Amino acid sequence: MPGFAWIIIAMAVGLLLLWAWEMWRRNTRTAQSMELGVTDEDVDILRRNMPIYNRMPIDLQQQVQNLTLRFIEHKKFVPCGNLEEVTQEMKLTIAGNAAMLILNRPVRYPFRQVFSILVYPSSFFNSQEERAELMDGEAWPTGSVVVAWDSARKSAQDLRDGKNLIVHEFAHQLDLENGPADGLPEIDSVQVSTWARVLSKEFAKLRASANQGKRTLLDQYGAEDPAEFFAIVTEAFFERSDRLKNQHPELYDQLRHFYRVDPACWVDP
Ligand SMILES: [Zn+2]
């Protein structure tokens, strides 16, 4: 047989093997998803709107899927402004990002104190402050989270901006689980004193840098108060994990303990 015939046969076998691999991978994924009740379309939305999901190890992805479904099942999603309905894409994106904050812990009801998610198509006027102000997100101690969908989706999709509106608002909700928003969520007693020491020190550093007009890795909105500081360091923990680990190792370590994951180790697929 001439040499080129062998090349063609080898290419055909290679293509066949690739096709078989893709079929096996799809079937495996479908089987896993069906077991949990998420469809392939749902998973595709998570992959597209929550790129950090693609970096997670498979067991964490499955936890996200599972928690996302339970979240959607137990919360009321309310369309606001001129939004006609809260679509499945919106629900999955919001629930998936919130789920990322409660991995590796025994959670029966995700964010048990949150009852409703109010979704505006874009920025909205705040309802509770004395002065009307345009907002992209709010976390109410009465059990609601409010988000502007355009900002929520954009900040979740873009991992380079270091921002994630959904993560920010649900970090506030974690903070609210044990009383007023003060930057001290429910932490095990062994960690509390180190947490308080490290976060106070880092908060003071951010405030000083902001006052001096210095550039910082952390969003200077966090210099407002300890509650905002906790919310913005949570965003940085998930979106800028490498740089946070390098530049603020103690802070990274505290967040790694609290969130029970190590996103600096996650890799792009
Ligand atoms: Zn905030």
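Helices (H or I, at least four residues) and strands (E, at least two) are DSSP runs, numbered from the N terminus. By that rule, the segment after α11 is the place of Arg260.

This is a predicted model, in which local features need pLDDT of at least 70, side-chain atom pairs count only at pLDDT 80 or more, and totals for chains, interfaces and linings use all residues. Residues are numbered from 1 along each chain as its sequence is written.

## The chain as a whole

The chain has eleven helices and six strands. A residue is buried if 20 or more other C-beta atoms lie within 10 Å of its own, exposed if 12 or fewer, and partly exposed in between; C-beta atoms are placed from the backbone. Of the 269 residues, 36% count as buried.

Two residues are in contact if their C-beta atoms, placed from the backbone, lie within 7 Å.

Helix α9 covers residues 226–239. The expected span of a helix is 1.5 Å times one less than its number of residues. For the 14 residues of α9 that gives 20 Å, and the end C-alpha atoms are 20 Å apart, which agrees.

Is α9 enclosed or open? Twelve of its 14 residues are buried, so α9 is largely enclosed by the rest of the structure. Among the buried residues are Phe229, Phe230, Ile232, Val233 and Phe237. Glu228, Glu235 and Glu239 are buried too. The cover over the buried residues of α9 includes α3 (51–55), α7 (165–176), α8 (189–211), α10 (241–247) and α11 (249–259).

Helix α7 has twelve residues. From its first C-alpha to its last, α7 reaches 17 Å, close to the 16 Å expected at 1.5 Å a residue. α7 is mostly covered, with twelve of its twelve residues buried. They include Leu165, Ile166, Phe170 and Leu174, along with His168, Glu169 and Asp175. What covers the buried residues of α7 includes α5, β5 (137–140), β6 (144–148), α6 and α9.

## How helices cross

Axes are lines fitted to C-alpha atoms, for helices over the stretch in contact, and angles run from 0 to 180 degrees between N-to-C directions.

| Helix pair | Axes come within | Crossing angle |
|---|---|---|
| α5 (residues 88–99) and α6 (residues 149–157) | 11 Å | roughly 55° |
| α7 and α9 | 8 Å | roughly 130° |

Angles under 35 degrees count as roughly parallel, over 145 as roughly antiparallel, 65 to 115 as roughly perpendicular and the rest as oblique. The axes of α5 and α6 cross at roughly 55°, which makes α5 oblique to α6. α7 and α9 cross at roughly 130°, which makes α7 oblique to α9.

A crossing is left-handed if the near helix is turned anticlockwise from the far one by less than a right angle, and right-handed if clockwise. α7 passes α9 in a right-handed crossing. In α7, Val167, His168, Ala171, His172 and Asp175 meet Ala227, Phe230, Ala231, Thr234, Glu235 and Phe238 in α9.

Ala, Val, Leu, Ile, Met, Phe, Trp, Tyr, Cys and Pro count as nonpolar, Asp, Glu, Lys and Arg as charged, and the others, Gly among them, as polar. By class, the contact of α7 with α9 has six nonpolar, three polar and two charged residues.

α5 passes α6 in a left-handed crossing. Met90, Thr93, Ile94 and Asn97 of α5 make the contact with Trp149, Ala152, Arg153 and Ala156 of α6. This contact has five nonpolar, two polar and one charged residues.

Most residues other than glycine have a negative phi. Asn104 is not a glycine, yet it has a positive phi of about 55°. Asn104 lies in the loop between α5 and β2 (116–120). With 11 C-beta neighbours inside 10 Å, Asn104 counts as exposed.

Arg260 is not a glycine either, and its phi is positive, about 60°. Arg260 is exposed, with 12 other C-beta atoms within 10 Å.

Gln113 is found in the loop between α5 and β2. With 13 other C-beta atoms within 10 Å, Gln113 is partly exposed. Which residues does Gln113 contact, leaving aside its neighbours within four places in sequence? They are Gly143, Gln173, Leu176 and Glu177. Gln113 and Glu177 are 64 residues apart in sequence, but 7.0 Å apart in space, C-alpha to C-alpha.
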